[in-house]
Amino acid sequence: MQTAVPCLFMRGGTSRGPFFLASDLPSDVALRDRVLLAAMGSPDARQIDGLGGADPLTSKVGIVSRSARPGVDLEFLFAQVLVNEARVDTTPNCGNMLAAVGPFGVERGLVKATGAETRVRILTRNTDMLSDVVLQTPGGRMRYDGDARIDGVPGTSAPIPIAFLDTAGSVCGKLLPTGSPVDTFDGVHVTCIDNGMPVIVIRAADLGRTGYESRDELNADADLKRRIESIRLQAGPAMNLGDVTRKVVPKISLIAPPRAGGGLCSRTFIPHDCHAAIGVLGAVTLATACVIDGTVADGVAALPPGNVKRVSVEHPTGEFTVELEVDAKDRQNVIRSALLRTARLIMRGEVMIPAAVWDGKALGSESTFQRAA
């Protein structure tokens, strides 16, 4: 006996996973998490019995609802489903999965297309972060084909520009949660920063690395992983995150001078595996560290002049450009961040959950779907 749960399987940026209506999942959080673990096939290194792709970037879930808040169209809860642990983490945001929330809303009738383009305001419930996205909706339907290209995704797609409205300190409470642009842990200078994603920025050279190593080289570097995890565990409480032993934040970004014409070279751990690229909000936060005086990125990053800066963050599979606007009167204040993502609907249908995990009861009150055992 199994329980059928409707979902859309979508790519958002360089991540992918199932998207659910909040009302189609259990109202109890612990039960909901057990359902998500079953849906993704965790814990298992291959996630062979679920939809997960055996990688943190492909073990993600979006939970979406129509918002009752004035001026907000959709509410989005991001869930990181761990691969090898029976655990779901809703602490961080995910800007890649965010790119698919608006298309999901159009596909499921939560928002109505308003013309050739549709602007959607989304509240990310993980941290109460607001963002505006612009969707291509000619003829009242979601368009996925186009000429926008992002590194880490083959081919081209319709552009989805995202403007973040209030990301500073969204998880830690302050942009610089320790109150300082530089802190020292284990004798290593770091910058602890949160402009949408808590990140610990470290010069790769300060750890005896170049910052240009491949992802596989860094994942095999046990000594490096031990050192950065020690720093992460100490920095977590200092960043108002408490004990981060079982949390996926803060992330660690190793930085080096650019070598492909960008603004900065990065290698990001999420938090224990090196990212094939870099997360959206991780890139926003890292780029922010580049424009603030006195951080460990000061003197490493190559930046253009002016208050509006386009920062190209190089990563193992390409680059990620973030546009930041700095307050002309307060150079420590970043007043706007924006970037470009793409998304695609891959599959629509139902994911089957063992009835022993969930029998389909305890639903949200707005559910319109009949569970089939």
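**Helix α6**

I began with α6, in which Val 280, Leu 281, Gly 282, Ala 283, Val 284, Thr 285, Leu 286, Ala 287, Thr 288, Ala 289, Cys 290 and Val 291 are buried. Buried here means under 20% relative accessible area, exposed means over 50%, and partly exposed lies in between (1.4 Å probe, protein chains only). The model is predicted: local features need pLDDT of at least 70, side-chain atom pairs count only at pLDDT 80 or more, and totals for chains, interfaces and linings use all residues. Residues are numbered from 1 along each chain as its sequence is written, and side-chain values use heavy atoms, with hydrogens and water left out.

Helices (H or I, at least four residues) and strands (E, at least two) are DSSP runs, numbered from the N terminus. I noted that 12 of the 12 residues of α6 are buried, so the helix is largely enclosed by the rest of the structure. From its first C-alpha to its last, α6 reaches 17 Å, close to the 16 Å expected at 1.5 Å a residue; the expected span is 1.5 Å times one less than the number of residues.

**Nonpolar cores**

I then looked up the nonpolar cores, each a set of buried Ala, Val, Leu, Ile, Met, Phe, Trp, Tyr and Cys residues joined through side-chain atoms within 4.5 Å. The largest has 64 residues, of which Phe 19, Phe 76 and Phe 164 touch the most other members. The element that gives the most to this core is α6, with nine residues. Another core, of 21 residues, lies apart from it and has Val 188, Leu 224, Ile 228 and Ile 252 among its members.

For Phe 164 I listed the contacts (heavy atoms within 4.5 Å). Leaving aside neighbours within four places in sequence, Phe 164 is in contact with residues including Val 280, Leu 281 and Val 284, which are buried in α6.

**Arg 341**

Arg 341 lies in strand β16 (residues 334–341).

The side chains of Arg 341 and Asn 96 are joined by a polar contact of 2.8 Å. Such a contact is a pair of N or O atoms within 3.5 Å; within protein, one must be able to donate a hydrogen and the other to accept it, and residues adjacent in sequence count only if both atoms are side-chain atoms. Not counting residues up to four places away in sequence, Arg 341 also touches Val 280 and Phe 320, among others.

**Arg 348**

I placed Arg 348 in strand β17 (residues 343–354). Its side chain makes a polar contact with the side chain of Glu 107 (3.1 Å). Arg 348 and Phe 19 are 329 residues apart in sequence and 9.6 Å apart in space, C-alpha to C-alpha.

**Backbone entries**

I recorded a cis peptide bond between Ser 42 and Pro 43, with omega about 0 degrees; Pro 43 lies in the loop between α1 (29–40) and β3 (60–66). A cis peptide bond also joins Ile 270 and Pro 271, with omega about -10 degrees.

Asp 128, in the loop between β6 (117–124) and β7 (129–136), has phi near 60 degrees, a positive value in a residue other than glycine.
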